[in-house]
Amino acid sequence: MSTSDEREKARSSAHKPSRRWLSISISDLTQAAVFAALIAALGLPGQISVGSAGVPITFQTLGVMLTGAILGPKKGTLAVLIFMVLAIAGLPILSGGRNGLTSLSSPTAGFFVGFLPGVFVIGVLTALMMPKYRVIPGIVSNLIGGVLVIYACGTIGLMIRADLTLWAAIAANGWFIAGDVVKAVIAALVASQVHRGWPGLITPLRFSRGRLSTPTA
């Protein structure tokens, strides 16, 4: 085999993991649809609005954490995307029976938008620890994606929609911290049991040459 053929084969093998990671199967779509329904179902208990900004306490952030921690970045992001598209299309699947358009025109717009980057960050951080899920790193991953990322988006939304200053918008998040920490712990504990019973739900990710890639056998 010539040197050029060997290089081409090596280049082709290097791209296969990323192509496999980007592909979406029927099983992926099914799992994503199930978790999109889970996030919607967690909005059924309703909401409790607190603070002057009127941002509600809901269980749907728990759904986002569970989705990222159990499905990972690809399927988790797809699940949240399905949920958001259905909400924006007019289905009243957000807490309190609201739809996506109502949320986008309210002070909660940033929190709703933040579901997408939030689940992606949780998924990536979870995939980096796989194939063995560990509870403590899982809690940290949930806090980073499900609290810091979503709060950051929510803060921007409050500044735009509620005309709050930066510090006032940050302070408005204080009502939710304790509850969201509890959600992060619950999501990690549930994810740990799920991955123990059904290993292989998330394709592991590793940093290689400054970028994310799937490890090869």
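Which residues does Ser141 touch, not counting residues up to four places away in sequence? In this predicted model, local features need pLDDT of at least 70 and side-chain atom pairs count only at pLDDT 80 or more, while totals for chains, interfaces and linings use all residues. Residues are numbered from 1 along each chain as its sequence is written, and side-chain values use heavy atoms, with hydrogens and water left out.

Ser141 touches Ile122, Leu125, Thr126, Met129 and Gly146, a contact being heavy atoms within 4.5 Å. At 5% relative accessibility, Ser141 counts as buried (under 20% relative accessible area, with exposed over 50% and partly exposed in between, using a 1.4 Å probe and protein chains only).

Ser141 sits in helix α6; helices here are DSSP runs of H or I, at least four residues, numbered from the N terminus. The 27 residues of α6 (135–161) should span 39 Å, taking 1.5 Å times one less than the number of residues, and the 36 Å between its end C-alpha atoms agrees with that. There is also a kink of about 25 degrees centred on Leu143, the bend being the angle between axes fitted to the seven residues ending there and the seven starting there.

As for aromatics, the whole structure holds three pairs (ring centres of Phe, Tyr or the six-membered ring of Trp within 6.5 Å; planes under 30 degrees apart are stacked, over 60 edge-to-face, the rest tilted). Phe111 and Phe176 have ring centres 6.5 Å apart and planes at 65 degrees, so they pair edge-to-face. This pair links helix α5 to the loop between α7 and α8, 65 residues apart.

Key
Helices (H or I, at least four residues) and strands (E, at least two) are DSSP runs, numbered from the N terminus.
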